[in-house]
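Here is a short tour to read alongside the model.

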Amino acid sequence: MPVFHRPATLAEACDLLVRRDHAMVYGGGTAVQILAKQGVLFATDLVDISRVPDLSGIEETKDGLRVGPMTPLRAVERGPAVRRLAPLAAQVYGHVANPRVRNTASVGGNIAHGDYRLDPPTALLVLGATVELTGPDGVRRVPVREFFVDFQETAVRPGEIVTAIEIPRQPESAGAGFSKLSSLSANDWPCASAAALAVGTSRAFGRRGPVKLRLGLGAVAPTPVFAEVELADDASADDAAEAARAAAEPLVDPIPDVRGSAEYKTRLAFVAVDEAVRTAWKERSDDGGFLRRRGR
Amino acid sequence: MTVDSSGVAVGERWARADGRAKVRGELRYAADEPVRPCRAVAVHRSTRPHARIAAIEASRAAAMDGVLAVVTGADLYAELGDRIFTGPAFADQPCLAVDKVRYVGEPVAAVIAHTAEAARAAAEEIEVDYDDLPPVHDVDAAIAGGGGYVHDELRPSAVFGDLKHLRGIRDTNVNYAYVLRTGDPEAARGAGEGVRTGDAGGATAEAAHTVRGDFWCPPTHHVPIELPYTAAWPEGDRIEVLSTTQTPSYVRQSLADLLGLPLNRVRVRCAPLGGSFGAKMYDRLEPLAAALAWTRRMPVRIAATREEAFLLTTRHGAAVTGSMSADADGAIVAAEADVRYDTGAYADVGPRITAKSGMIANGPYKIANASVRSRCVYTNKPSAGPFRGFGVPQVTWAHESLVDELARERGEDPAAFRRRNLLREGDVAAMGTAMHSADFATCLDAVTEAIGWDAPLDPGDGRWRRGKGVAVGIKAVLTPTISNATLQLNQDGSATLLISTVDMGQGSDTTMAQIAAEVLCLGEGRVRVVTADTDVTPYDTITAGSRSTYHTGNAVRLAAERMRDKLTGLAAGHLGVPATDVKLTPDGLVSAQTQETVGIADLLHAHFGARGTTLTTEAEFSTSWAPYDKETGRSPQVTEHWFAGAAAVRLAVDTATGRVRVEHLAVAGDVGRAINPALVEQQLTGAAVMGLGHALFDQLVFDEGQIVNGTLLDYQLPSVKDMPDAITPIVVESPHRTGPFGAKGVGETAIIPLAPAVSNALRDALGIRFTRLPLTPERILTALQKGTA
Amino acid sequence: MTATIELIVNGVRHRVPVEDDDLLLDVLRGQAGVTSAREGCGVGACGACTVLADGRSVSSCLARAVRYDGAEITTADGLPDDDPVVDAFVARRAMQCGYCIPGFVLMGHELLAENPDPSDEEIAGHLEGNICRCGTYQEIVAAVRDASRKEHA
């Protein structure tokens, strides 16, 4: 039975994580409780960070948003600042499980868990978020695109805690899309998910440069994966979808399970990419989109 | 069946008894009931699918903090002997394994401790040495034999004379077989499609078309949200049990046999059930709880976790190899089915399912030449038992796929083809019994009309393709069975009904109250059904198989009629008129002659000279059958009544992902008479939603006998998001001549044809015939790519 | 480690000793006399254990009681007699076995507090984590819809 620590400061928490052999952070607690229930929790110590001050909350910063690790997913889903500045993140966080889970599951726990099936990493990848980690050696920042190292393994070092996720402002002219496909019941884990962000660039004299189409894929590889392609500003949705598919193809490497074989999940991955990209592409070139996004 | 019907209750949409208490969560279920302090029990379970138990090391566990006892199967066998083996058909299942384990998860030892945590911790410290035996996982491999035999010899229960011939049989995994034969199906079918031969036993091959198929339904699980729970405690020389069970009378008898006690020293109390669907019947946690409580003389409580609940009972997986043939005029001339039910490690009610479903395995059609072989087979997995539909959905999956395919072979509309061939009132079915109050045709017409069968279907273009499908279901009610009812009329005109029927959401508390109220002209809420308690409520075979509305309903009706007769007798004396002159009305007892009226309360007060008194009547209602012939499987009266139902589906398939979207689902059931139409509609809809899950994604996944998806994070259940865009329940009433007010039950009716209706719609949309469930998006997509399933 | 925490359950203060790993569901049922929240799966997937903590729904089967020290817990049996969501469920017959319904009632309350006029799609989105095995979803959605309109009327 793991020892349950409730440190009052961040330093204390990091210290516990370093000094104990198999310590885990207890954030929202949902994932850890499920592991315990299933008899596969091998931690000797649990470090509950809910008493450490200033770890929850969503702050508007110069560049976008700073989200504390103990912020519930539901707060990201519904937060007015998030809806205004990074609506794709609000949308995608809102897809995790169900509202009850989202009330408790924490942003930090969600990303540190390293579960390849989770939705939020897909949005964070395309938005170019950064994960702030605090540990015994100080604070460091890891781009989310470097955060997922291997199957259920992240860049978090022993003793470190996620202390923020920084999400850059989603460009207002960008088009965003998200698609989540399940293969069994409707509210099951995803079989494939994809977030897409189409960001225009500008050139001198107000001319429009190429569009960077970013993809974040979930559930279709041992980790969430990122890809980026460039397309001409006047490319069609079909062009965009095709380019996205080509970019995604080498990265799709699904783990077969009861939810589908590798072949099936691969197919679904491409369908998810296609849907997300088309939505994003349409939104980007949709004149009304600009006004809608402001109002969100 | 002419009934003096007051019209106050039958047919009315009375509010469900305890409705508000259910919404507010104030209604107590079994685990909410306060009982004396009980010790907790945790079970150490087998990790092997098939093995001899060489040794059990439990001393470390027994020495742990808070542990009071560790009990093994050998310990119980030493005290109870062969009585430890229980079951509703075969006495083959011990509550703790004796000598052998037969499935992964089988209880091997029980720990009794002060707390659940202490019990579980100790259960984990028990070590068992196994000598592995060859396991059998596949039903056909189990039949073929040559590998492992799950049971060294067959152990039918001594109670059943019709199973005696199986006793002692060795070297087989087939524990029961039912055969049906009428006419000469092989000859009628002919050597091949359209071949006419005249030399097979004199019969002429009539078939112009024949279709064949190998069908598979995987094991699934009921997953009622309420978990199983049993508490048992010795009470002097008696034992008392509080349990989540649909079958208190059965449990009382089973425990009386187990412990060698007379029936009046075994008390089984129930509570409203939080869903059951067949999962909480016969012998589940009760034998273990009672054996521990009685042999160790301490009160115990077993609360199963969800993971454990998956191991207690499952729904039979079944394989069906079938064929169906039609002549040039579109009449079905032959049908054959070879059905194999995978009953898992213990027979449970598998043998009965095998026969009851086997006899209608060819479907609700006029078929002159039919054969069925239906077998119940042991394998090394958790045992399969009763589940909503009682084995019939599995054979319906086959016959409704075959009949649909046969229609298409002929180039005929599947609904029209069925209509021509459906059994009608008075027709004799293949098993030899005539149809009554089984209006398949009206059900078929109702559902096809509801989804707009004849309207042109937008077949879809590009990514989504649309289709429509229909299926018809038939089931026989369990016969023979027995119901009893005791009715107490209280002096104030309220009534208390004592029955052993258990309300698990189907609304029996409300339905039975309405039947009694109808006869006694009582208003809504004036009749209350007490919770079943074998010390108080009289014998009822089981609350299952949709039998209660008809059987218990009749017992209630009879008891109420006797009460009415008592009242009219008393009123006659009171009013000074002949009894024949007195009529019971909503206003009281009225003399036709003098128009004088006396209310029930006044009448009883005058009669007894006291308040709060009771009048009691009781009645029994039992049914009988003519057992089917062992050679032909036929009987002129194989069942008391039939269930008839149909389902029709309009759906769209996403050809990019294989995902099915049900646009409109219509289900109809012939209930004879709807005592409460709202309850009937809710059962039709509820069964349809469950059936939709089975059709599209529900299945228990096994790996070498181990359940892989036995948690609710993995096992798929329909959520609100899986609901069809529209769902239409339709009540069909073809009154049954001896049902209470013409009524019969409906709990299973809509689940029976559900999966094939969906599959038939996919056939329509995609041109592909699926033969294996569930119809997952992957299966559909793979079939689309290959062009065939 | 044992601690004493305070749970305000339906307005009543309960000071209870709890272990670190005691689940909120077990403490509510075992020490605060709540029976309307129940275990159905132990992994937060069915919703039978739903309670509101400071107005927010939580799977009490996955929540450690120590984390809810001082929280105001609402359970279905603690709602006022004339609660509009309860009334709507009763009027719509939104129950069969009833076991899951208190969880749905609380989710309905949470939704309407956030979104007083939800569309059917929003209702379904909020309820998708609660399972009704009896399949009474149509009535449940209708009840939440009715309750929203009534609160508006």
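## Where chains C and A meet

Between chain C and chain A the count is 3 salt bridges, a salt bridge being a side-chain nitrogen of Lys or Arg within 4 Å of a carboxyl oxygen of Asp or Glu. One to look up is E114(C) with R74(A), whose closest N and O atoms are 2.4 Å apart. Please keep in mind that this is a predicted model, in which local features need pLDDT of at least 70 and side-chain atom pairs count only at pLDDT 80 or more, while totals for chains, interfaces and linings use all residues. Residues are numbered from 1 along each chain as its sequence is written, chains are lettered from A and ligands numbered from 1 in the order in which they are written, and side-chain values use heavy atoms, with hydrogens and water left out.

The contact (heavy atoms within 4.5 Å) takes 29 residues from chain C and 23 residues from chain A. About 2,100 Å² is buried between these two chains, with carbon and sulfur atoms giving 46% of it; buried area is the accessible area (1.4 Å probe) that two parts lose on being put together, summed over both. L62(C), R64(C) and R67(C) supply 32% of what chain C buries against chain A, more than any other three residues.

## Where chains C and B meet

Chain C also touches chain B, with 43 residues of chain C in contact with 48 residues of chain B. Together they bury about 3,800 Å², 58% of it on carbon and sulfur atoms. Here R93(C), Q96(C) and R133(C) supply 23% of the area that chain C buries against chain B, more than any other three residues.

The rule finds 4 salt bridges across this interface. K721(B) and E128(C) meet through their side chains in a salt bridge at 3.6 Å, N to O.

## The nonpolar cores

Which residues touch the most other members of the largest nonpolar core? They are L712(B), L7(C) and F89(C), in a core of 246 residues. A nonpolar core is a set of buried Ala, Val, Leu, Ile, Met, Phe, Trp, Tyr and Cys residues joined through side-chain atoms within 4.5 Å; buried means under 20% relative accessible area, exposed over 50%, and partly exposed in between (1.4 Å probe, protein chains only). Helix 17 (residues 677-696) of chain B gives the largest share of this core, 9 residues. Helices (H or I, at least four residues) and strands (E, at least two) are DSSP runs, numbered from the N terminus.

Leaving aside residues up to four places away in sequence, L712(B) touches partners in both chains, including V223(B), F310(B), V43(C) and C46(C). A second, separate core of 46 residues includes V519(B), L567(B), L603(B) and F621(B).

## A sheet in chain A

Chain A has an open sheet of 4 strands in the order 11-12-13-14, with antiparallel pairing; two strands pair if DSSP finds at least two bridges between them. Strand 11 (175-181) and strand 14 (225-231) stand at the edges, each with a single partner strand, so one side of each is left without a neighbour in the sheet. Strand 11 and strand 12 (residues 192-202) of chain A pair over 7 bridges, and F178(A) has A195(A) as its bridge partner in strand 12.

Helix 8 (residues 120-127) of chain A packs on this sheet, touching strands 11, 12, 13 and 14. The direction of helix 8 makes about 155 degrees with that of strand 13 of chain A; axes are lines fitted to C-alpha atoms, for helices over the stretch in contact, and angles run from 0 to 180 degrees between N-to-C directions.

## Salt bridges within the chains

Over all chains, a search of the whole structure finds 77 salt bridges. D132(B) and R48(B) form one of them at 3.0 Å, N to O, linking distant parts of the chain, 84 residues apart. D132(B) counts as exposed at 53% relative accessibility, and R48(B) is partly exposed at 28%.

Buried or exposed, where do R267(B) and E240(B) fall? Both are buried, and their side chains meet in a salt bridge at 3.2 Å, N to O.
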